[in-house]
Amino acid sequence: MTAHNYAGTTVEVNQEGYMTDANRWTPAIGEAIAVELGIVLGAHHWEAVNFVRDDYATTGKSPGLRRIAANTNVTIKQLYRLFPKGPGKLVARIAGTPKPKSCL
Amino acid sequence: MKNLVILGAGTAGTMVANRMVKRLSQREWTVTVIDPNETHLYQPGLLFLPFGARDEDKMVRPRAKTLHRKVRWVKQEVRKVEPGAKQVELVNGDHVSYDLLVIATGTQIRPDLTGGLLGDAWQRTHFDFYTLPGAVALREALDSWNGGRLVLNVVEMPIKCPVAPLEFLFLADDFFRKKGIRDDVEIVYATPLDAVFTKPLAASRLGYLLEEKRILVEPEFMTMEADGRKLISYDEREIPYDLLVSIPTHSGAALVQESGIGDELAFIPTDKHTLAANDLQDVFVLGDATDLPSSKAGSVAHFQSEILADNLLRTIRGEEPLPDFDGHANCFVETGNGKAMLIDFNYDVEPLPGKFPLPGVGPFSLLKETRTNHLGKLFFRWLYWHGLLPAKPIPLGAKMSMAGKKLLSPPDDSAASAA
């Protein structure tokens, strides 16, 4: 776990770059993380990011791509174009939510 | 007379029915199970069929033999659940009322959700081993296959038995070596996950198995379609194959969709710890039908059923259900060559080394390949039919225990990603 400065705020991120406390997220932080990942956030990006934050608040886990696509106007194909290479993980990183999990 | 109704008589439904019928007074409660299928399938046996096992007759039992005689079995298909009216509607139009409902309708593979998977290529170059007919067809195909590129693909998560893809790969390596054709076969694992082992300790302790068995890994592969000769991902990567073993997208039962009570894959939103359905009064969910982040596995159904039984009794007494389920799972992982591994974990604790069930003594070793573990897996079928399904008292904690486990941190440079 290390401290990282995004848009003037210091937050803790884990080894893989995910924020450890989703409550400390702000849109400015999200934008700064995205820039670091080489992504400029447009309207469709925000739709996905906002859904991920809301869903995490309800379920306690970051949603997978199918769930994001089922609940927004963004298809899985579009997610791959908006967040190239591993959109599930990238959206979670930008949204300040944990990495989507598996058991082994 | 009050009614405890259980939908589905798979592993979870059968266990909870058999458990509850022994704990509820026959004068006050009827325990009803609704399931249209004549037989009960022992699913862990499916893994061995593609590689030449021919004991499918021992994997199937008449359902009547698996249910306690006091359980009322309604051999009908359910159309939908009507939680407002506290009843379920059957496909034949009848209704069954409930005072308490347990939904244990499981999960099914949905090859129809991936373009090109079904159709001409299905059971010609595309196979599954998650169903009995699928595993048998794959056995016939592998029996006469002379080699080429075999790709095992997990389309998306969640799947039942998340270790089964690994077991398949390890047993495939064994199988082709014994046939003397291992050098003529390329075994490729295409997975949507970013590594074969995503938990750091497992990755550092078991990564050698992939190298030793020469398994090529294509991580972060999100399959969009299959065309009979290659997989194509959403980000336009391609993986060619001569033979595709697909573990397709899984969904909950159609009746969940029909009732409007499931999520985008028809899994039912369930409380992680009490097993109560999140938005439905007097309804609990068990086994693969939930949306819980716990693995979809038989051991999970077993541990859940113990906790659910207690919570059903609390609910009947007018008490609140307790948040006792911790996501405990305990799974054998066949590694080939007559050996297996055992992993024991829960929502919060990754698989750790140690001994199970008795700390220090075992006899099973956690996160380590041993012959004893393999024997354990073979003995398991007997235990399933004779101990677990009938809900006989078995001294395994429903909650995961940390006793005898070693909290090791992985080496600093062990990256979770393979290849």
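Read along the sequence, chain A follows the pattern β-β-α-α-α-α-α. That gives chain A five helices and two strands, where helices (H or I, at least four residues) and strands (E, at least two) are DSSP runs, numbered from the N terminus. The radius of gyration of chain A is 13 Å, close to the 13 Å that the globule rule gives for 104 residues, so chain A is as compact as a globular protein of that length. Here the radius of gyration is taken over C-alpha atoms, and the globule rule is 2.2 Å times the number of residues to the power 0.38.

Before going on, please keep in mind that this is a predicted model, in which local features need pLDDT of at least 70 and side-chain atom pairs count only at pLDDT 80 or more, while totals for chains, interfaces and linings use all residues. Residues are numbered from 1 along each chain as its sequence is written, chains are lettered from A and ligands numbered from 1 in the order in which they are written, and side-chain values use heavy atoms, with hydrogens and water left out.

**Inside chain A**

The C-alpha atoms of chain A fill a box of roughly 35 × 30 × 25 Å along the principal axes. Buried residues make up 46% of its 104 residues; buried means under 20% relative accessible area, exposed over 50%, and partly exposed in between (1.4 Å probe, protein chains only). Of the contacts in chain A with a separation of 6 or more, 46% are between residues 24 or more positions apart, contact meaning heavy atoms within 4.5 Å.

Is V91(A) buried or exposed? At 0% relative accessibility, V91(A) counts as buried. Leaving aside its neighbours within four places in sequence, V91(A) is in contact with A48(A), V49(A), V52(A) and F83(A).

**Inside chain B**

Chain B has eight helices and 24 strands. Its radius of gyration is 22 Å, close to the 22 Å that the globule rule gives for 419 residues, so chain B is as compact as a globular protein of that length. Its C-alpha atoms fill a box of roughly 65 × 55 × 40 Å along the principal axes, and buried residues make up 57% of the 419 residues. Among contacts in chain B between residues at least 6 apart in sequence, 67% join residues at least 24 apart.

**Salt bridges**

Over all chains the count comes to 28 salt bridges, each being a side-chain nitrogen of Lys or Arg within 4 Å of a carboxyl oxygen of Asp or Glu. Here are some of them.

| Salt bridge | Closest N and O atoms |
|---|---|
| E38(B) and K75(B) | 2.9 Å |
| R139(B) and E56(B) | 2.9 Å |
| D112(B) and R110(B) | 2.9 Å |
| K89(A) and E220(B) | 3.3 Å |

E38(B) lies in the loop between β2 (29-34) and β3 (39-41) of chain B and K75(B) in the loop between β5 (72-74) and β6 (78-82) of chain B, so the pair ties together parts that are 37 residues apart in sequence. E38(B) is partly exposed, with a relative accessible area of 46%, and K75(B) is partly exposed at 41%.

R139(B) is buried, with a relative accessible area of 5%.

D112(B) is partly exposed at 44%, and R110(B) is partly exposed at 23%.

**Where the chains meet**

In the interface, 16 residues of chain A are in contact with 28 residues of chain B. The size of an interface is often given as the accessible area lost when the parts come together. Chain A and chain B bury about 1,900 Å² between them, 57% of it on carbon and sulfur atoms; this buried area is the accessible area (1.4 Å probe) that two parts lose on being put together, summed over both.

Across this interface the rule finds five salt bridges. E16(A), K89(A), K99(A), D194(B) and E220(B) are linked in a network of salt bridges.
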